Amino acid sequence: MTAAEPDDIRWILAHCHTWAIIGLADNPARPAHGVARFLQRHGKRIVPVHPNAETVWGEPGYASLADIPFPVDCVDVFRRSADAGPFADQAITIGARAVWFQLDVLDPAAGQRATSAGLRFVQDRCPAIEWPQFGPAA
């Protein structure tokens with residue numbers, strides 16, 4: 001499992017409305033900050049997930065996925081590949097519908113676990129880049 005299926009990308013962008021963004025802190029220099037704003041501007045609810053639990057773009061942060069007190073549709077991971085897999089497992093545990101690993105984040109075994117559990121899975125892609133081709137208005 002290396003290439004994202006276009007149908008999965010299209011489905012996630014259309015049907016996932018609440019995005020927990022792993023690694024999102026209030027640091028404008030980090031890619032997660034800009035991607036979160038992009039998603040928010042396209043009608044998505046963003047949920048910062050960072051050990052510091054900072055508020056970002058007006059949304060309160062949580063220290064972990066388990067701390068989020070409402071359903072999450074997509075878990076978007078901005079972490080190194082070596083650290084990403086446990087977030088796919090946590091996404092399964094919290095009942096997320098999809099897992100999205102950002103550019104250069106690869107873990108085929110985590111993807112297999114997620115898809116075996118019925119989640120949609122994308123890796124090595126960015127929703128802001130994919131939106132023009134696969135977003136709901138595309």
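R45 is partly exposed, with a relative accessible area of 35%, where partly exposed is the range between buried (under 20%) and exposed (over 50%), using a 1.4 Å probe and protein chains only. The model is predicted, so local features need pLDDT of at least 70 and side-chain atom pairs count only at pLDDT 80 or more, while totals for chains, interfaces and linings use all residues. Residues are numbered from 1 along each chain as its sequence is written, and side-chain values use heavy atoms, with hydrogens and water left out.

R45 forms a salt bridge with E59 (a side-chain nitrogen of Lys or Arg within 4 Å of a carboxyl oxygen of Asp or Glu), and their closest N and O atoms are 3.9 Å apart. R45 belongs to strand β2 (residues 45-49), while E59 sits in the loop between β2 and β3 (74-77), so the bridge ties together parts 14 residues apart in sequence. Helices (H or I, at least four residues) and strands (E, at least two) are DSSP runs, numbered from the N terminus. E59 is buried, at 18% relative accessibility.

Let's turn to R120. Its salt bridge with D8 has closest N and O atoms 3.0 Å apart. This pair joins distant parts of the chain: R120 is in strand β5 (residues 120-122) and D8 in helix α1 (residues 6-15), 112 residues apart. R120 is partly exposed at 27%, whereas D8 is buried at 18%.

D83 and R79 meet through their side chains in a salt bridge of 3.5 Å, N to O. Both D83, at 27%, and R79, at 34%, count as partly exposed. Together with R80, they are linked in a network of salt bridges. The count comes to eight salt bridges.
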